[in-house]
Amino acid sequence: MTLLCVIAIVFSLPAESSAISTNSKESLDKIYDDVVARYRLPGLAVGIVKEGEVVYARAVGDASSNRRIDADTLFKIASNSKAMTAAVLARLVDAGKLKWDDPVIKYLPDFRMYDPWVTRELQVRDLLIHNSGLGAGAGDLMLWPEPNLFTREDVIHGLRFLKPVYSFRSRYAYDNSLYIVAGEVAAAASGMPYEALVRKELFEPLGMTRCQVGEWKRDVVGNVAQPHVRKEGRYVPGRVDDEVILNIPMAPAGGIRCSLNDMLKWISMWLEPDRSGLIDGKPWLSAEQRKAVWSSQMIMTLTQRMRDWDDSHYSAYGYGWRLADVDGTQKVSHTGTLSGMYSAVTLLPEKNAGFVILINGDADDARTVLNQVLVKYFTAPEQKRTVAYYADLLEAEAGASEKDEKKAEVRERQPASVAEIRSKLGVYRDPWLGEVDICPVGKSVVFSARKSPRIRGEVMRAGQRWLVEWESDGPDVGAWLDFSSPADGSGTALKMSKVDPEGDFSNDFEDLAFERIGACPGLH
């Protein structure tokens with residue numbers, strides 16, 4: 001595979017229109033090149049806005065097997081979609097079509113949470129700030145891995161079966177499912193589907209002409225970055241897009257795709273609302289709603305890293321944005337993470353600066369390091385922090401990998417035989433994920449979810465326990481299978497848990513509660 005550092009396509013404004021000096025541009029190029037070299041990224045697009053001007057834009061690498069990345073290449077922005085959903089809701093508040101404290105059931109009468117009281121009390125604002133009482137990532141297995149057969153209606157219906165782990169509004173726990181509800185509230189209040197609303201209220205007026213939401217054709221739109229995942233120490237293409245990109249349930253939470261040029265228009269509107277994105281001479285969003293969106297709505301944990309790296313004093317969530325202070329200045333930001341696609345948007349309003357990072361690879365550390373170095377470029381240039389400085393800090397934090405220790409107990413495992421697990425075989429049902437088969441396939445025993453075909457893998461024995469080892473590109477690592485027999489003798493129950501307790505919270509196996517409902521088809 002061609003490495004990013006071998007061939008580079010660079011986009012930047014002419015010198016006379018740039019607010020960044022030649023020396024500064026050289027410094028930014030070095031930051032860019034250093035992160036590419038350190039992490040050997042398949043593709044990277046970075047853009048910076050300062051004082052109303054795009055002062056740096058560079059896009060390099062492989063979009064796919066026969067296309068180089070440029071500033072118009074489409075990337076999955078993942079959870080950076082949340083700020084767009086929240087902003088469209090804010091536009092509807094400006095238009096008088098809804099209020100932040102309206103009950104959700106005013107717009108979606110059939111909406112239900114597990115607790116009837118929470119159902120009645122849940123307001124539109126609560127959908128956006130991760131305070132519902134659900135555990136982190138609750139319900140995400142209805143969204144990922146994609147594609148699957150769940151509809152938006154399925155996801156919303158499934159919420160009534162998800163038991164809270166905290167009391168309502170008591171603490172922050174990140175979720176995606178309620179952003180899907182938020183998209184449907186926006187659709188109900190506006191009288192048009194979420195996708196059409198986003199195009200009409202966001203993409204069109206701000207000139208974000210490449211952005212895509214809903215169903216579209218890959219080759220008609222063209223220039224679409226494909227995800228890459230790390231295998232055996234190098235990046236390889238992950239699951240590539242089909243010819244038709246389907247309208248997926250998670251669009252309001254993380255399903256929008258945009259180019260670097262589109263995202264620079266998006267952040268320009270936020271940084272200079274009276275200059276960028278004016279509609280009939282008026283800002284795209286009122287000052288009142290801009291203030292609401294960027295106000296602390298839910299306290300978040302102030303981590304030790306934030307204290308050490310940024311001298312931060314607070315951390316909170318607004319409407320689709322994370323809020324904090326860095327070196328005495330305000331930071332408004334968010335990240336986006338999907339398998340093979342990472343993004344970051346960071347705004348420093350008091351510096352009148354912001355930047356976008358788009359990567360078509362699994363690149364958590366690379367994103368963290370690049371984001372941090374670019375923040376310091378504006379907030380504390382005298383520190384002269386480098387990619388190597390923060391990359392080394394991350395590696396020191398990791399130390400001897402705890403994850404390797406936690407996985408050690410499953411290294412000695414072998415495929416389950418039909419004979420030894422026969423009493424556990426059957427069709428199982430969970431109230432929100434639906435039916436799964438734990439059934440023979442040839443000489444193997446396979447776990448497969450009927451509505452999510454990529455949640456599939458071979459059942460293994462590890463000591464005295466069972467686990468399912470996912471097939472390529474499924475949920476990472478695997479999951480324990482813990483069977484039990486209810487006291488009333490009614491059948492066999494199944495609970496699941498992540499093999500790696502530190503694994504992605506979106507693999508919310510712990511929320512599943514299966515009951516066996518029948519025998520494997522054709523098995524007697």
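Arg91 touches Glu201, Trp284 and Leu285, residues up to four places away in sequence being left out; contact here means heavy atoms within 4.5 Å. Arg91 is found in helix 2, where helices (H or I, at least four residues) and strands (E, at least two) are DSSP runs numbered from the N terminus. At 19% relative accessibility, Arg91 counts as buried, a term that means under 20% relative accessible area, with exposed meaning over 50% and partly exposed in between (1.4 Å probe, protein chains only). The model is predicted: local features need pLDDT of at least 70 and side-chain atom pairs count only at pLDDT 80 or more, whereas totals for chains, interfaces and linings use all residues. Residues are numbered from 1 along each chain as its sequence is written, and side-chain values use heavy atoms, hydrogens and water being left out.

In soluble globular proteins, nonpolar side chains tend to be buried together. A nonpolar core is defined as a set of buried Ala, Val, Leu, Ile, Met, Phe, Trp, Tyr and Cys residues joined through side-chain atoms within 4.5 Å. The largest such core has 122 residues, and those with the most contacts inside it are Trp266, Trp321, Phe447 and Met496. Helix 2 (residues 81-94) contributes the largest share of this core, nine residues. A second, separate core of 35 residues includes Val36, Val55, Val387 and Ala391. With neighbours within four places in sequence left aside, the contacts of Phe447 include Val436, Ile455, Trp470 and Met496.

The expected span of a helix is 1.5 Å times one less than its number of residues. Of its 12 residues, 10 are buried, so helix 9 is largely enclosed by the rest of the structure. Among the buried residues of helix 9 are Asp262, Trp266 and Trp270. Helix 13 (residues 387-398) reaches 17 Å from its first C-alpha to its last, close to the 16 Å expected. In helix 13, Val387, Tyr390, Ala391 and Leu394 are buried. Seen down the axis of helix 13, the buried residues fall within an arc of 100 degrees, so they line one face of the helix; the arc is that of the directions from the helix axis to the C-beta atoms. Gly399, with a positive phi near 55 degrees, follows helix 13.

Strand 21 (residues 456-462) is mostly covered, five of its seven residues being buried. Strands are taken to pair if DSSP finds at least two bridges between them. Strand 17 (residues 414-415) runs antiparallel to strand 21 and is joined to it by two bridges; here Pro415 stands opposite Met460. Strand 20 (residues 444-449) also pairs with strand 21 in the antiparallel sense, over three bridges, and a hairpin joins these strands through six residues. Six bridges join strand 21 to the antiparallel strand 22 (residues 465-470), in which Leu467 stands opposite Met460. The hairpin of strand 21 and strand 22 has two residues between the strands, and Gly463 in this hairpin takes a positive phi near 65 degrees.

The structure holds 16 aromatic pairs. Rings of Phe, Tyr and Trp (its six-membered ring) pair if their centres lie within 6.5 Å; planes under 30 degrees apart count as stacked, over 60 as edge-to-face and the rest as tilted. The rings of Trp294 and Trp321 have centres 6.4 Å apart and planes at 85 degrees, so this pair is edge-to-face. Both Trp294 and Trp321 are buried. The rings of Tyr428 and Phe483 have centres 6.1 Å apart and planes at 55 degrees, so this pair is tilted. Tyr428 lies in strand 18 (residues 426-430) and Phe483 in strand 23 (residues 479-484), so the pair ties together parts that are 55 residues apart in sequence. Ring pairs also link Trp266, Trp270, Trp284, Trp294 and Trp321 into a cluster.

Most residues other than glycine have a negative phi, and most peptide bonds are trans. The peptide bond from Trp144 to Pro145 is cis, with omega near -5 degrees, and the bond from Glu146 to Pro147 is cis, with omega near 0 degrees. Glu232, although not a glycine, has a positive phi of about 50 degrees; Glu232 is exposed, with a relative accessible area of 86%. Lys384 likewise has a positive phi of about 50 degrees without being a glycine, and at 69% relative accessibility Lys384 counts as exposed.
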